[in-house]
Amino acid sequence: MKHPLEPMVGFQLVRTANIALRIVNAHYGDLRIRHADAAVLMVIEANPGITQSSIGRMLRMERSNVVPIVARISERNWIERKPGRGKTIGLYLAPEGKTVMPQVHAASRAGEEAIATALGKAGYAEMLEKLRLIG
């Protein structure tokens, strides 16, 4: 049977992204978070006081996708909101969020290592370089 999408790069990227997300998300198991939650937490950790709109721009996510992620991690008391400049609200890691970040980083590394193992060290580096050309 012929697969009409098999030779298309876009199809392969989407399929591969889904597989990679399953691999990475599996490593977040006990934390009960998804890759997107971890990404937002890491961005807040690296940029204390960042706004939701800035997170969206950095991660190339729509506001409608950022809002529920921030709500989820806020409900777990991992982040806190503080007034920023003007009308902005900055996001910061809360004490409980700071406590969980080593686990988040370890799970993220483990997921990436699983992908790197599948691709090989050189293949992983090459893949990352090629993907950066697209986005």
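Start by selecting residues 79-83 and 89-93: these are strands β1 and β2, paired in the antiparallel sense over 5 bridges (strands are DSSP runs of E, at least two residues, and helices runs of H or I, at least four, numbered from the N terminus; two strands pair if DSSP finds at least two bridges between them). This is a predicted model, in which local features need pLDDT of at least 70 and side-chain atom pairs pLDDT 80 or more, while totals for chains, interfaces and linings use all residues. Residues are numbered from 1 along each chain as its sequence is written, and side-chain values use heavy atoms, without hydrogens and water.

Pick Pro83 next; its bridge partner in β2 is Ile89. The hairpin has 5 residues between the strands, and Gly86 there takes a positive phi near 60°.

Move to α5 (residues 95-119) and α6 (residues 121-134), which pack at about 110° with axes 6 Å apart (axes are fitted to C-alpha atoms over the stretch in contact, and angles run from 0 to 180 degrees between N-to-C directions). The two helices are therefore roughly perpendicular (65 to 115 degrees). Show Glu112, Ile115, Ala116 and Leu119 of α5 with Lys121, Gly123, Tyr124 and Met127 of α6, which make the contact (heavy atoms within 4.5 Å).

Finish at the largest pocket, with about 1500 Å³ of space (the volume filled by probe spheres set on grid points joined across faces, edges and corners; a pocket is an open set of points on a 1 Å grid where a 1.4 Å probe fits, with protein on both sides within 12 Å along at least five of seven lines, and lining residues have an atom within 4 Å of a point). Of its 33 lining residues, Ala20, His35, Glu112, Leu128 and Leu131 lie nearest the centre.

Methods:
Angles under 35 degrees count as roughly parallel, over 145 as roughly antiparallel, 65 to 115 as roughly perpendicular and the rest as oblique.
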